[in-house]
Amino acid sequence: MREIEVFIDTEEIAEFFFHELTKRGYVPAEGELDELADITFEYLLQKCIIDEEIEEE
């Protein structure tokens, strides 16, 4: 299997959820979107779909 590099941006995930939920008639609060983005990121980690790399400054 080939390895590829993917960058996951939780702000982008939150924006995606906002657009998809509003298309379906839901009006989520911004804090809720951040939580959904974090949950999605954690799900991807748990399923070993992504690996978290922590950048050192």
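A salt bridge here is a side-chain nitrogen of Lys or Arg within 4 Å of a carboxyl oxygen of Asp or Glu. Keep in mind as you click around that this is a predicted model.

**Stop 1: the salt bridges**

How many salt bridges does a search of the whole structure find? It turns up two. Select K23 and E20 to see one of them: their side chains meet with 3.2 Å from N to O. Both K23 and E20 belong to helix α1, and they sit three residues apart, about one turn of the helix. Show the three residues together: salt bridges with shared partners link E20, K23 and R24 into one network.

**Stop 2: a pair of rings**

Next, look for aromatic rings. A search of the whole structure finds one aromatic pair. Select F16 and F17: their ring centres are 6.3 Å apart and their planes stand at 70 degrees, so this pair is edge-to-face. The cut-off behind that label is an angle over 60 degrees.

**Stop 3: the negative patch**

Switch to a surface view and select D9, E11, E12, E15, E30, D34, E35, D38, E42 and E52. These residues gather in a patch of negative charge on the surface. Which helices each supply at least two residues of the patch? They are α1, running 10–23, and α2, running 30–46. Of the contributors, α2 gives the most, with five residues. E30 is exposed, because its relative accessible area is 63% and exposed means over 50%.

**Stop 4: a nonpolar patch**

For the last stop, keep the surface on and select I4, V6 and I8. Together they form a nonpolar patch on the surface, with about 260 Å² of accessible area.

How values were computed:
Residues are numbered from 1 along each chain as its sequence is written. This is a predicted model: local features need pLDDT of at least 70, side-chain atom pairs count only at pLDDT 80 or more; totals for chains, interfaces and linings use all residues. Side-chain values use heavy atoms; hydrogens and water are left out. Patches are made of residues with over 30% relative accessible area and no salt bridge: like charges are joined within 9 Å, nonpolar side chains (Val, Leu, Ile, Met, Phe, Trp, Tyr) within 5 Å. Accessible areas come from the Shrake-Rupley method with a 1.4 Å probe; for residues, only the protein chains shown count as cover. Lys and Arg count as positive and Asp and Glu as negative; His and the chain ends are not counted. The place of a charge is taken as NZ of Lys, CZ of Arg, CG of Asp or CD of Glu. Helices (H or I, at least four residues) and strands (E, at least two) are DSSP runs, numbered from the N terminus. Buried means under 20% relative accessible area, exposed over 50%, partly exposed in between (1.4 Å probe, protein chains only). Rings of Phe, Tyr and Trp (its six-membered ring) pair if their centres lie within 6.5 Å; planes under 30 degrees apart count as stacked, over 60 as edge-to-face and the rest as tilted.
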